[in-house]
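This briefing sets out the main features of the structure shown below.

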Amino acid sequence: MNRTHARIALALAVILSLTAFAQTTRAAASPAPASPAAPAPTKVGIINMQMAILASNEGQRDFAALQKRFDPKSVEIKTKQDEIKALQTQMQTQGDKMNEDARQSLLRQIDQKQTALKRLAEDAQKDFQTQSNDIGNAIGTKIFKTLDKWATANGFAVIIDVGNEQNTNVLWAAQGVNITQAVVEAYNTESGVPAPPKPAAGAPAAPSATRPAQPQPTPTKPR
């Protein structure tokens, strides 16, 4: 090969090398094509958080234990109610036969016992409700965490709590969008709390004197 051909070959080699380098550089500098974005979740569900708390295995266990702790107070209230009823019956059957002093004394006794009973029942109700809310809030906070994971995994965009009907504008929803039971089952699995045993047939109900209205837990959303 003569010098002219050698110079031409060398020039071509340099040009090819520079071209290849430029292509490689552009390829490295160019961002990789973006992968298609995952579709945004669109499913909407409703949940009754209050019902979920009470229906969970943990809720059934803890609220039953709370009721049991208050059973002696229920018995005390029932006893005082019976005492008042007996005095009222005495007044009805014997009041017209008593002298005025005895009659007034019996009326004062009834009034005093009724006042004491009212205070006892109100204090018991307040104490029960406070402890009920504490239990509900503790369980509800944990259920929120389960709900967050469950809703994300199942493609939900919005979950609406319909437990308090006065604070929701949901007028109607198909049964298929109610996820309460599904979340309760997921939480039971996560909590590991077994289902409580069913009460024996014919078991006496707890006295109703101090049995409070259904608790209104307001669980805190996890941060």
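T180 touches I46, I47, N48 and A52, not counting residues up to four places away in sequence; contact here means heavy atoms within 4.5 Å. The model is predicted: local features need pLDDT of at least 70, side-chain atom pairs count only at pLDDT 80 or more, and totals for chains, interfaces and linings use all residues. Residues are numbered from 1 along each chain as its sequence is written, and side-chain values use heavy atoms, with hydrogens and water left out.

- T180 is placed in helix α5 (residues 180-191); helices (H or I, at least four residues) and strands (E, at least two) are DSSP runs, numbered from the N terminus.
- T180 counts as buried because its relative accessibility is 7%; buried means under 20% relative accessible area, exposed over 50%, and partly exposed in between (1.4 Å probe, protein chains only).
- The side chains of T180 and N178 are joined by a polar contact of 2.7 Å.
- A polar contact is a pair of N or O atoms within 3.5 Å; within protein, one must be able to donate a hydrogen and the other to accept it, and residues adjacent in sequence count only if both atoms are side-chain atoms.

**E58 and its partners**

- E58 belongs to helix α3 and, with a relative accessible area of 8%, is buried.
- Beyond four places in sequence, E58 touches I139, K142, Y187, S191 and V193.
- The side chain of E58 makes a polar contact of 2.4 Å with that of Y187.
- E58 also forms a salt bridge with K142, in which the closest N and O atoms are 2.7 Å apart; a salt bridge is a side-chain nitrogen of Lys or Arg within 4 Å of a carboxyl oxygen of Asp or Glu.
- This pair links distant parts of the chain, with K142 in helix α4 (residues 100-153) and E58 in helix α3 (residues 57-94), 84 residues apart.
- K142 is partly exposed, at a relative accessible area of 36%.

**Other salt bridges**

- The count of salt bridges comes to six by this rule.
- In one of them, R61 pairs with D62, and the closest N and O atoms are 2.8 Å apart; R61 is partly exposed, with a relative accessible area of 41%.
- Another joins the side chains of K73 and E76 at 3.7 Å, N to O.
- K73 and E76 are separated by about one helical turn because they lie three residues apart in helix α3.
- K73 is partly exposed at 31% relative accessible area, and E76 counts as partly exposed at 33% relative accessibility.

- G155 is located in the loop between α4 and β2 and is partly exposed, with a relative accessible area of 25%.
- Leaving aside neighbours within four places in sequence, G155 is in contact with P41, T42 and K43.
- The C-alpha atoms of G155 and K43 are separated by 6.3 Å, although the two residues are 112 residues apart along the chain.
- V44, V158 and I160 make a nonpolar surface patch of about 200 Å².
- Patches are made of residues with over 30% relative accessible area and no salt bridge: like charges are joined within 9 Å, nonpolar side chains (Val, Leu, Ile, Met, Phe, Trp, Tyr) within 5 Å.
- V158 lies in strand β2 (residues 156-161) and counts as partly exposed at 40% relative accessibility.

**Overall architecture**

- Five helices and two strands make up the secondary structure of the protein, and the elements run α-β-α-α-α-β-α from the N terminus on.
- Of the 223 residues, 25% count as buried.
- Among contacts between residues at least 6 apart in sequence, 85% join residues at least 24 apart.
- The accessible surface comes to about 15700 Å², of which 56% belongs to carbon and sulfur atoms; accessible areas come from the Shrake-Rupley method with a 1.4 Å probe, and for residues only the protein chains shown count as cover.

**Confidence of the model**

- The protein averages a pLDDT of 80, and 71% of the residues score at least 70; pLDDT is the predictor's confidence in each residue, from 0 to 100.
- Among the elements, helix α1 (residues 3-29) has the lowest mean pLDDT (41), and α5 has the highest (97).
- Over residues 2-29 pLDDT stays under 50, and the model has one contact beyond four places in sequence for them.
- Over residues 205-220 pLDDT also stays under 50, and here the model has 47 contacts beyond four places in sequence.
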